[in-house]
Amino acid sequence: MTTAARPIEAEERLHRVLGEDTRPQQRPGALSTSLTMGWRALVKIKRSPGQLFNATITPVMFTLIFTYLFGGAISGSSSEYLQFLLPGILVQGVLFISTQTGVALTTDLQQGIFDRFKSMPIWRPSPLTGALIGDVVRYAISSVVVVAVGLALGFRPDGGLLGVTGGVLLAVLFGFCVSWIWTFLGLVLRTPQAVSALGMLLLSLLTFASNIFAEPATMPGWLKAFVDINPIGYVVTASRSLMNGDGTADLGPALISCAVLLVVFVPLSLLRYNKSE
């Protein structure tokens, strides 16, 4: 075969390929792209195991410190206090690691990764929803570790496996809803340092001024009034009721709190994301 014939043959093959009546692949749907972005978030966790370290060590430290340093003074014995404390620590642990949602988002924004996502033929909000799917996995891991440590220390929930599962699912759901707050703040503040600092300040205030560590009845009137309307308290109370086998009577206010967070911050986050350059 001569050299001149080779370009002609290559050109004929190209025409045959371009002339084939093949339909282009359908555009991926919202669920598909969200799950793909969720997988990306899990790969990031694999490459940065420090995220799991923070998600597990912090709640374990709080469990040990408050159980053995303050349990006797608050409830008379460490073992009795652990029954009260652990559902609250479960919720607190999920909340503290939820700030990572905003931190990771602002990091991607600074690196220009979201500009590339916006140019792709995918469902536009999928980078946000996918990141939150990955965060749910972190919340679940943190919750399982807290429950396992609690059981090792002597936590014995009267609600059994079903009650513990319900308490964990409620904590994970609440963490997912709160993550939308950090998503919105991440889009507004634009720096990981600002999101992290604001998140720790707000969560420290809201978790310590709640019923996680002590009964509101023992607090001053002005503090009790704040604790009684703190959404974190609704979730902690419902989680305790589920784990202690007291039924689902306290579940309503907790689910309403989750719904309010979603109704407010999901549209705000999506609107801000669509308007961001």
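The model is predicted. The chain has twelve helices and zero strands. Of its 277 residues, 42% are buried. One cavity of 30 Å³ or more is counted.

**Overall fold**

- From the N terminus on, the order of elements is α-α-α-α-α-α-α-α-α-α-α-α.
- Take the contacts between residues at least 6 apart in sequence: 78% of them join residues at least 24 apart.

- Helix α7 has 28 residues. From first C-alpha to last, α7 reaches 41 Å, close to the 40 Å expected at 1.5 Å a residue.
- G154 follows α7 and has a positive phi, near 120 degrees.
- Helix α12 spans residues 251-275, 25 residues in total. Its first and last C-alpha atoms are 36 Å apart, close to the 36 Å expected at 1.5 Å a residue.
- The buried residues of α12 are A254, S257, C258, L261, F265, V266, S269 and Y273.
- The cover over those buried α12 residues includes α6 (113-118), α7, α8 (160-189) and α11 (231-243).

**Nonpolar cores**

- The largest nonpolar core holds 47 residues. V91 and F174 touch the most other members.
- Helices α3 (50-75), α4, α7, α8, α11 and α12 each supply at least two residues of this core. Helix α8 gives the most, with 13 residues.
- Beyond four places in sequence, F174 touches V91, L95, P231, I232, V235, C258 and L261. Two of these contacts, C258 and L261, are among the buried residues of α12.
- Another core lies apart from the largest one. This other core has nine residues, among them M37, L105, L109 and F114.
- In soluble globular proteins, nonpolar side chains tend to be buried together.

**The cavity**

- The largest cavity has a volume of about 240 Å³.
- Its lining has 20 residues. A41, K44, A104, A131 and D135 lie nearest the centre of the cavity.
- Helices α2 (30-47), α5 (100-111) and α7 (126-153) each give two or more residues to the lining. Helix α7 gives the most, with seven residues.
- By class, the lining divides into nine nonpolar, six polar and five charged residues.

- L90 sits in helix α4. Its relative accessible area is 0%, so L90 is buried.
- Beyond four places in sequence, L90 touches S143, V146, V147, G167, V168, A171, S239 and M243.
- L90 and V60 are 30 residues apart in sequence. Their C-alpha atoms are 9.5 Å apart in space.
- Q92 also belongs to helix α4 (residues 78-98). Q92 counts as buried because its relative accessibility is 1%.
- Contacts of Q92, not counting residues up to four places away in sequence, are F62, T207, F208, I212 and F213.

- With a relative accessible area of 6%, S34 is buried.
- S34 touches W123, S126, T129, G130 and I133, leaving out residues up to four places away in sequence.
- S34 and A131 are 97 residues apart in sequence, yet 8.1 Å apart in space, C-alpha to C-alpha. A131 is among the lining residues that lie nearest the centre of the cavity.
- V103 and T183 are 80 residues apart along the chain. Their C-alpha atoms are separated by 8.7 Å.

Notes:
Residues numbered from 1 in each chain as written. Predicted model: local features only at pLDDT ≥ 70, side-chain atom pairs only at ≥ 80, totals over all residues. Heavy atoms only, no water. 1 Å grid on protein atoms, 1.4 Å probe; cavity = no way out; pocket = protein on both sides within 12 Å on 5 of 7 lines; lining within 4 Å. Points joined across faces, edges and corners; volume = space filled by probe spheres on them. Helix = DSSP H or I, 4+ residues; strand = E, 2+ residues; numbered from the N terminus. Nonpolar A, V, L, I, M, F, W, Y, C, P; charged D, E, K, R; others polar. Expected span 1.5 Å × (residues − 1). Buried < 20%, exposed > 50% of the residue type's maximum accessible area, 1.4 Å probe, protein only. Contact = heavy atoms within 4.5 Å. Core = buried A, V, L, I, M, F, W, Y, C linked by side-chain atoms within 4.5 Å.
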